[in-house]
Amino acid sequence: MKMFDMHGAVLMDVASLERKGDDLVMKGKMMGAMPATIYIKPEEIWGAKSLLSWSVIWYLPIIVVKGWLRSRKQP
């Protein structure tokens, strides 16, 4: 999975998302060069709920389907 800025530049290329104990561990490269291991704690996931508006929550199933359809079209 890649995360982009508004100009299309890759900010982070996520290689894996795993569980380690109670945390989620995301590994990847930031800005194409710097390896990064990011630990996400359960309380931070719970705190992220304030970032989600109802319009984002309603859009989540749509973006999953759009992503699946677009990934099938790529060679």
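Where in helix 2 does a kink of about 35° lie? In this predicted model, the kink is placed at Leu60, shortly before the proline Pro61. Helix 2 itself covers residues 54-73, and its 20 residues reach 30 Å from the first C-alpha to the last, which is close to the 28 Å expected at 1.5 Å a residue.

**Overall layout**

The secondary structure of the protein chain comes to two helices and four strands, and from the N terminus on these elements follow one another as β-β-β-β-α-α. With a radius of gyration of 15 Å, well over the 11 Å that the globule rule gives for 75 residues, the protein chain is more spread out than a compact globule. Taken along the principal axes, the C-alpha atoms of the protein chain fill a box of roughly 35 × 35 × 25 Å. As for contacts in the protein chain with a separation of 6 or more, 3% of them are accounted for by residues 24 or more positions apart.

The four strands make up an open sheet in the order 1-2-3-4, and their pairing is antiparallel. Strand 1 (2-4) and strand 4 stand at the edges with a single partner strand each, so one side of each is left without a neighbour in the sheet. On average, and with direction ignored, neighbouring strands of this sheet are turned by 30° against each other. In general, the strands of a sheet pair through backbone hydrogen bonds, in either a parallel or an antiparallel sense.

Strand 2 (residues 10-20) runs antiparallel to strand 3 (residues 23-30), and eight bridges join the two. Along this pairing, Leu17 stands opposite Met26 in strand 3, while Lys20 stands opposite Asp23. Strand 2 and strand 3 form a hairpin with two residues between them, and Gly21 in the turn has a positive phi of about 65°.

Met31 lies in the loop between strand 3 and strand 4, and its phi is near 55°, a positive value in a residue other than glycine. Most residues other than glycine have a negative phi. Met31 counts as exposed, because its relative accessibility is 59% and the cut-off for that class is over 50%.

**Individual residues**

| Residue | Relative accessible area | Class |
|---|---|---|
| Asp23 | 16% | buried |
| Leu24 | 32% | partly exposed |
| Phe4 | 49% | partly exposed |
| Met31 | 59% | exposed |

Which residues does Asp23 touch, leaving aside its neighbours within four places in sequence? Asp23, which is found in strand 3, is in contact with Glu18, Tyr39, Ile40, Lys41 and Pro42. At a relative accessible area of 16%, Asp23 is classed as buried, because the cut-off for that class is under 20%.

Leu24 also has its place in strand 3, and with a relative accessible area of 32% Leu24 is partly exposed. Once its neighbours within four places in sequence are left aside, Leu24 is in contact with Leu17, Glu18, Arg19, Ile38, Tyr39, Ile40 and Ile45. The C-alpha atoms of Leu24 and Lys41 are separated by 6.6 Å, although the two residues are 17 residues apart along the chain.

Phe4 belongs to strand 1, and at 49% relative accessibility Phe4 counts as partly exposed. Apart from its neighbours within four places in sequence, Phe4 is in contact with Ala9, Val10 and Leu11. Phe4 and Met31 are 27 residues apart along the chain, and their C-alpha atoms are separated by 9.7 Å.

Note on methods: Residues are numbered from 1 along each chain as its sequence is written. This is a predicted model: local features need pLDDT of at least 70, side-chain atom pairs count only at pLDDT 80 or more; totals for chains, interfaces and linings use all residues. Side-chain values use heavy atoms; hydrogens and water are left out. Two strands pair if DSSP finds at least two bridges between them. Axes are lines fitted to C-alpha atoms, for helices over the stretch in contact, and angles run from 0 to 180 degrees between N-to-C directions. The expected span of a helix is 1.5 Å times one less than its number of residues. The bend at a residue is the angle between axes fitted to the seven residues ending there and the seven starting there. Buried means under 20% relative accessible area, exposed over 50%, partly exposed in between (1.4 Å probe, protein chains only). Contact means heavy atoms within 4.5 Å. The radius of gyration is taken over C-alpha atoms; the globule rule is 2.2 Å times the number of residues to the power 0.38.
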